[in-house]
Amino acid sequence: MTEFDFEKRSLASRFWPKRLRIGVGLIGKMALALALLVALYIPVGMLWVHVIDDDTTLAPTELPQGGSHAVAMAATLIERETITHRWTANDPIFLPGWWLDNMPEFQTGMMEAIGRFSTEMMDQIGRNRGSSQADPDLSKAVDLLKSAPNIWLFDFSTSWAPTTSSDAKYRAAAKALRTYNQRLGQGQALFERRGDNLIALLDRIMSDLGSASAVLDRQILEGRDQFIDRRADNVFYGVKGRLYAYYLILRELGTDYQQLLREREAFNVWTQMLASLHEASLLNPLIVMNGATDGVFVANHLATQGFYLLRARTQVREVSEILVR
């Protein structure tokens with residue numbers, strides 16, 4: 001080894017270990033920064049995504065002249081929850097929405113109410129005496145709204161191939177409802193404003209509200225002996241979403257059927273029914289509690305919600321009975 005080679009090796013031995021130490025330190029800092037980013041991604045993302053939009057002043061959009069206010073509202077709600085807001089019920093585990101529970105329940109409850117309304121539109125209001133062919137756009141909307149709310153890009157329970165997501169199907173349903181409304185405004189679709197059609201719709205909603213009250217009652221019984229009822233908020237927001245959607249749709253349906261309601265002297269009871277649904281829609285406790293129904297220190301928000309629900313259901317029955325006369 002020459003003197004030059006020795007000096008070159010000596011310099012390398014002093015230089016490379018230092019660069020190696022710098023590289024290791026940089027990698028460590030990057031790893032720490034990545035870990036902090038991941039740790040903040042979920043909680044910050046949850047706060048960013050989470051929206052319980054119970055705006056009771058919401059007005060229907062894209063309402064054609066001669067179209068149905070209630071149908072336009074149903075489409076507006078679908079588009080708001082799948083476009084303006086994020087549809088969280090089908091978020092995979094690596095997205096912040098997967099870690100939420102109240103917002104997905106609220107959105108799913110809304111979609112169930114919209115689906116039930118759309119079914120009655122197809123079976124009763126949107127056809128002639130129930131004996132004619134179902135409207136193709138309403139049929140399409142009903143089929144799409146029957147889709148499970150938690151399907152992302154893959155549904156491994158049926159296939160390994162990519163599939164259409166829940167929110168994409170719901171947006172297609174909104175488009176079908178809007179197409180029906182446009183045809184209605186052009187005189188190419190039916191919207192029967194007879195009393196028997198409205199009674200059938202109210203009876204279906206009344207049945208659904210009865211089902212929701214049973215869900216509340218079961219959760220009150222199952223959770224009252226638990227120190228913390230972890231399912232109480234899920235049930236509460238699922239029912240809240242259903243009541244909220246019914247409030248807005250029935251509010252607009254009152255405009256569609258205003259002449260009939262006034263002729264049958266049912267408009268005042270209809271207004272009282274809306275007031276009960278409005279109160280139920282706005283219930284928004286900081287923490288949903290499922291305390292003893294006769295408790296002093298711990299509230300029972302499920303029972304409070306159930307009170308307004310049953311009052312609204314009674315008023316729905318009163319409207320139906322008046323229309324039968």
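## Helix packing exercises

Helix H7 crosses helix H9 with left-handed geometry. The model is predicted.

**Exercise 1.** Find how H7 and H9 run relative to each other, and state which residue classes make up their contact.

*Solution.* 
- Step 1. Locate the helices: H7 spans residues 232-256 and H9 spans residues 267-282.
- Step 2. Take the geometry. The axes lie 8 Å apart, and the packing angle is about 150°.
- Step 3. Apply the cut-off: angles over 145 degrees count as roughly antiparallel. H7 and H9 are therefore roughly antiparallel to each other.
- Step 4. List the partners. H7 contributes residues including Leu243, Tyr246, Tyr247 and Leu250. From H9 come, among them, Trp270, Met273, Leu274 and Leu277.
- Step 5. Sort the residues of the H7 contact with H9: 13 are nonpolar, three polar and two charged.

**Exercise 2.** Is Leu277 buried or exposed, and which residues does Leu277 touch?

*Solution.* 
- Step 1. Check its relative accessibility, which is 2%. Buried means under 20%, so Leu277 counts as buried.
- Step 2. Set aside residues up to four places away in sequence; Leu277 then touches Leu243, Tyr246, Tyr247, Leu250 and Ala312.
- Step 3. Compare sequence with space. Ala245 is 32 residues from Leu277 in sequence, yet their C-alpha atoms are 9.5 Å apart.

**Exercise 3.** Work out how H2 is oriented relative to H5, and what the handedness of their crossing is.

*Solution.* 
- Step 1. Locate the helices: H2 covers residues 69-84, and H5 covers residues 166-185.
- Step 2. Read the geometry. The axes come within 9 Å and cross at roughly 155°.
- Step 3. Use the cut-off of over 145 degrees again. That angle makes H2 roughly antiparallel to H5.
- Step 4. Name the contact residues. In H2 they include Val71, Ala75, Ile78 and Glu79. In H5 they include Asp167, Tyr170, Arg171 and Leu177.
- Step 5. Sort the residues of the H2 contact with H5: 10 nonpolar, three polar and four charged.

**Exercise 4.** Describe the whole protein: how many helices and strands does it have, and what share of its residues is buried?

*Solution.* 
- Step 1. Count the elements: 10 helices and zero strands.
- Step 2. Turn to burial. Of the 325 residues, 49% are buried.
- Step 3. Consider contacts with a separation of 6 or more: 75% of them join residues 24 or more positions apart.
- Step 4. Finish with the surface. The accessible area is about 17,700 Å², and carbon and sulfur atoms account for 58% of it.

Definitions and conventions:
Residues numbered from 1 in each chain as written. Predicted model: local features only at pLDDT ≥ 70, side-chain atom pairs only at ≥ 80, totals over all residues. Heavy atoms only, no water. Helix = DSSP H or I, 4+ residues; strand = E, 2+ residues; numbered from the N terminus. Buried < 20%, exposed > 50% of the residue type's maximum accessible area, 1.4 Å probe, protein only. Contact = heavy atoms within 4.5 Å. Areas by Shrake-Rupley, 256 points an atom, 1.4 Å probe, with all protein chains shown as cover. Axes fitted to C-alpha atoms, helices over the stretch in contact; angles between N-to-C directions. Parallel < 35°, antiparallel > 145°, perpendicular 65-115°, else oblique. Left-handed = near helix turned anticlockwise from the far one by under 90°. Nonpolar A, V, L, I, M, F, W, Y, C, P; charged D, E, K, R; others polar.
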